[in-house]
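Have the sequence and the model at hand as you read.

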Amino acid sequence: MTGNVMMERMSWPEFRDALKSDPFQGISTVHIIDKDDNASDLEARAAKAALATAGVAPTDVDLLLSHPMVPDYICVNSGSIVHEKVGLRRDAPAFAVDGVCTSYIVQLDLARKTIAAGDAKRVLVTQSSACSRLMPEAE
């Protein structure tokens, strides 16, 4: 047997307001990605800021693990796009890690194991959520 249920259509403002009353899922601020930005732009800017704060040059990164909730392209490794925008070494691998809501935990575990195995000294982990791209502009 199979079955499915379709929820009643709810506008973005109605959805946001409904979640405000839930102390575990309340939304106090909604950030909208700029029309000229892609998820990889967000990740690249965050990566550059993190590297600058840590005093690490992009060329000192041995591995990039990326996770865009809404990627720039459907069938393209987003890690390679971020890799290029950040200016990492050509021999530093980069790939997307998709564990849905647990992606960060999976990324940290992969980074830890890669460093422990001696395959990398520095691993850069990036994530982005451009979910506002999925909402109609009018909402």
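**Salt bridges, one by one**

In this predicted model, Asp109 and Lys113 join their side chains in a salt bridge, with 3.0 Å from N to O. Both residues belong to helix 4 (residues 103–116), and because they are four residues apart there, about one helical turn separates them. Asp109 is partly exposed, its relative accessible area being 28%. Lys113 is partly exposed too, with a value of 46%.

Arg89 and Asp62 form a salt bridge through their side chains, at 3.3 Å from N to O. Arg89 lies in the loop between helix 3 (78–86) and strand 2 (94–96), while Asp62 lies in the loop between helix 2 (39–54) and strand 1 (63–68); the two are 27 residues apart. With a relative accessible area of 25%, Arg89 counts as partly exposed. The story of this pair also takes in another residue: Asp62, Arg89 and Asp91 are linked in a network of salt bridges.

Now look at Arg45 and Asp37. Their closest N and O atoms are 2.9 Å apart, and the two form a salt bridge. Asp37, in turn, is buried, because its relative accessible area of 14% falls under the 20% cut-off.

How many salt bridges does a search of the whole structure find? The count is six, and the pairs described here are among them.

Note on methods. Residues are numbered from 1 along each chain as its sequence is written. This is a predicted model: local features need pLDDT of at least 70, side-chain atom pairs count only at pLDDT 80 or more; totals for chains, interfaces and linings use all residues. Side-chain values use heavy atoms; hydrogens and water are left out. A salt bridge is a side-chain nitrogen of Lys or Arg within 4 Å of a carboxyl oxygen of Asp or Glu. Buried means under 20% relative accessible area, exposed over 50%, partly exposed in between (1.4 Å probe, protein chains only).
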